[in-house]
Amino acid sequence: MIRGLRLRGWRSFEEQSLELAPGLTFVLADNGVGKTSLIEAAAWGLYGQLSGVDAVAARRIGADETSVELEVELPDLRVLDIRRAVDAGGATDVAAKLAGKTVGAAKLDAMLAEAFGASADFLARTTTAPSSAVYDQKQSAFALRDHLGRVLGVDDLIDVADRMRQLHDQYEAEAKSFRTASRRATADLADLTDQLDDAHERLAALNDQRATLRDELDTAEDQLRQARRDVEAGKRAAAAHAAFQDAHAIARDALPTDRKVRRVRTIDNLVRTLEDAERSALASVDELRQTLAVVAGRREAITSAAAELDEASGTCPVCRRPLSEEDVEHARQGHDSDLAALESGRVTGQAELAQASQHLVAVRRALRKALAVPSPVDSPAAESTDVDAARAAVEAVRARHDDVSEHVATARAARAALETQIATEQAAATEREESLLAHRRAAVTRTAALVARQTADQLLTERIDPLAAEVRARWKRVFGDRGALQLRADGRLTLRRGVDDIPFEYLSSGEKVVALLAVRLLVLGSSTRSSFLWLDEPLEHLDPRNRRLAASLMSAAGAQVRQVLVTTYEEDLARRLARRGQASLLRVRSADAAWPPGSDLPS
């Protein structure tokens with residue numbers, strides 16, 4: 001049973017601490033105070049995620065800490081302390097101690113299962129029940145068959161049955177394949193062997209034929225490649241020859257008087273001739289430039305001498321003899337005559353230089369054109385190679401090669417089929433022996449699976465039937481002849497009325513509450529060592545008479561279920577039971593609710 005519950009920052013509770021006793025306890029509070037929160041907190045504190053409670057959503061706004069602490073008295077009277085805390089990100093921290101010794105979080109569920117004689121998942125569904133269980137069949141149902149299987153130790157039998165069923169399916173599939181093989185027509189093995197020899201010979205002949213055609217195809221493809229090279233070479237030769245003709249024509253225009261140019265027949269000779277002409281033209285240009293430079297120097301000297309005559313002091317600048325007016329005039333006339341002759345030579349030299357420069361440019365242009373001509377320059381072939389004929393020859397040989405390759409593939413497939421058929425026939429005897437063995441295995445495993453399953457079902461039925469009978473009896477004491485409540489092996493509930501079975505979800509609210517109470521109390525008391533049951537507002541769905549019957553049912557839970565805690569706002573009924581000594585009262589309030597005047601303080 002749960003001896004203590006402490007909450008911090010849980011929904012409407014800033015901090016709450018409850019000390020709990022055995023027997024039937026009614027938790028009283030107004031709506032909205034947090035009665036349901038107590039059930040959820042206890043469930044989450046005990047079972048964590050198995051409880052289905054969203055602990056993050058339960059965090060109180062502004063709370064520094066959200067935690068649930070439980071003090072649980074185990075059937076052997078040892079005390080288990082559990083503390084769970086959750087942060088805003090959903091990370092949980094679990095700490096547990098049993099009789100002062102730390103219990104690891106990973107071992108907590110296993111320890112609860114061992115102590116209470118049921119799995120933690122089953123306990124989470126059975127020992128705490130939210131108010132929504134009245135409406136939700138998934139929450140109201142138990143995994144009763146799995147639970148009793150563990151309690152009675154028939155899980156191993158069920159595992160054996162499942163394993164035998166798997167083996168039966170495997171052996172049955174093998175036996176089926178053997179039956180199919182045994183129905184296959186058996187051919188004459190010697191005839192198949194002869195056919196295989198013929199297939200080998202045919203395949204060898206086809207492979208030889210294909211190899212010969214492969215050689216022919218290689219030769220034809222070589223000829224096609226050579227024909228394409230010849231065509232390309234012819235195109236290149238024709239283009240080079242045309243370029244040579246253009247360069248030769250330009251060279252003749254540049255050197256119209258040079259007879260060697262007309263006799264040139266190769267590009268190399270043309271280039272050498274033009275290079276010689278370039279050197280000759282360049283020498284002429286250089287000579288004319290030097291001549292013009294000499295003329296310019298003499299003109300400058302004469303002009304300087306003439307200027308000195310005007311500045312002379314009456315003496316000859318050379319011999320220092322006195323100059324007369326006639327000498328000065330005579331010298332000036334000589335200078336003018338020399339300048340005129342030099343000017344005439346300069347004009348003539350510049351004209352010759354321009355002509356020589358143009359000739360040099362023409363020669364160089366012809367030389368560049370000649371240098372751009374591919375070498376050697378051959379005359380185009382008189383007859384072009386027939387590429388189309390070579391291509392047609394290749395395609396013809398390739399078609400024959402591909403045709404033979406298809407025959408090779410067909411022959412190879414036929415040979416493989418014969419080899420497979422022979423191997424199949426050779427294995428037929430072995431397969432027939434294995435077929436008998438597979439059938440025996442299938443029969444044995446099927447029988448073993450049926451026996452193991454029937455034994456497990458019988459054990460479960462023998463244990464569930466008394467529980468189901470007791471459930472029907474308790475139902476009858478409450479509702480009389482209003483049908484018979486049926487407890488199925490999977491923990492689901494139905495109501496038999498006449499010949500009809502009414503599903504749990506179609507029962508009235510009061511019928512659902514009584515059914516859930518009766519089944520939970522019975523299952524906890526008879527098939528587990530769990531000593532507590534916490535219920536959220538089960539009386540709110542009942543009429544006054546059924547409330548009293550349900551409360552009496554809870555107060556008479558028995559020695560095994562030592563503690564039944566019920567949240568309710570039916571204070572009158574709770575107080576009447578408390579006055580009779582059948583229940584105790586516990587009033588709670590949250591940090592968000594103030595007690596009305598005259599109310600009892602929390603117990």
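## Terms and model

Two strands pair if DSSP finds at least two bridges between them. Helices (H or I, at least four residues) and strands (E, at least two) are DSSP runs, numbered from the N terminus.

This is a predicted model: local features need pLDDT of at least 70, side-chain atom pairs count only at pLDDT 80 or more, and totals for chains, interfaces and linings use all residues. Residues are numbered from 1 along each chain as its sequence is written, and side-chain values use heavy atoms, with hydrogens and water left out.

## The chain overall

The protein chain has 14 helices and 14 strands. Of its 603 residues, 39% are buried. Buried means under 20% relative accessible area, exposed over 50%, and partly exposed in between (1.4 Å probe, protein chains only).

Contact means heavy atoms within 4.5 Å. Take the contacts in the protein chain with a separation of 6 or more: residues 24 or more positions apart account for 71% of them.

Six strands form an open antiparallel sheet, in the order 2-1-4-5-6-7. Its edges are strand 2 (13-19) and strand 7 (101-103), and each pairs on one side only. From one strand to the next, the twist averages 15°. Axes are lines fitted to C-alpha atoms, for helices over the stretch in contact, and angles run from 0 to 180 degrees between N-to-C directions.

Strand 5 (residues 79-86) has antiparallel partners in strand 4 and strand 6. Seven bridges join strand 5 to strand 4 (residues 67-73), and seven join strand 5 to strand 6 (residues 92-98). Val-72 stands opposite Leu-80 in strand 5. Arg-83 has Ala-95 in strand 6 as its bridge partner. Strand 5 is mostly covered, with six of its eight residues buried.

Both connections are hairpins. Five residues separate strand 4 from strand 5, and Leu-77 in that turn has a positive phi of about 75°. Five residues also lie between strand 5 and strand 6, where Gly-90 in the turn has a positive phi of about 95°. Strand 6 then pairs with strand 7 in the antiparallel sense over three bridges. Here Leu-98 stands opposite Lys-101 in strand 7.

Helix 2 lies across strand 4, strand 5, strand 6 and strand 7, and runs at about 140° to strand 5.

## Nonpolar cores

A nonpolar core is a set of buried Ala, Val, Leu, Ile, Met, Phe, Trp, Tyr and Cys residues joined through side-chain atoms within 4.5 Å. The largest has 64 residues, and Trp-10, Leu-80 and Trp-534 have the most contacts inside it. Helix 1 (residues 35-47) gives the most to this core, with seven residues. A second, separate core has 24 residues, including Phe-26, Ala-129, Ala-551 and Leu-573.

What does Leu-80 touch, not counting residues up to four places away in sequence? Its contacts include Leu-70, Val-72, Ala-96 and Leu-98, and also Leu-108, Met-111 and Leu-112.

## A ring pair across the sequence

Rings of Phe, Tyr and Trp (its six-membered ring) pair if their centres lie within 6.5 Å; planes under 30 degrees apart count as stacked, over 60 as edge-to-face and the rest as tilted. By this rule there are two aromatic pairs. In one of them, the ring centres of Phe-116 and Phe-532 are 5.8 Å apart and the planes stand at 75°, so this pair is edge-to-face.

Phe-116 lies in helix 2 (residues 105-116) and Phe-532 in strand 12 (residues 532-536), so the pair ties together parts 416 residues apart in sequence. Phe-116 and Phe-532 are both buried.

Three strands form an open antiparallel sheet in the order 9-10-11. Strand 9 (484-487) and strand 11 (500-503) are the edge strands, each pairing on one side only. Neighbouring strands of this sheet are turned by 35° against each other on average, direction ignored. Four bridges link strand 9 and strand 10 (residues 493-497). Leu-487 has Leu-493 in strand 10 as its bridge partner.

Helix 12 (residues 509-527) lies across strand 9 and strand 10, running at about 120° to strand 10. Of its 19 residues, 16 are buried, so helix 12 is largely enclosed by the rest of the structure.

## His-401

His-401 is found in helix 11 (residues 387-479). Buried or exposed, how does His-401 count? His-401 counts as buried, because its relative accessibility is 11%. Not counting residues up to four places away in sequence, His-401 touches Arg-210, Leu-213 and Arg-214.
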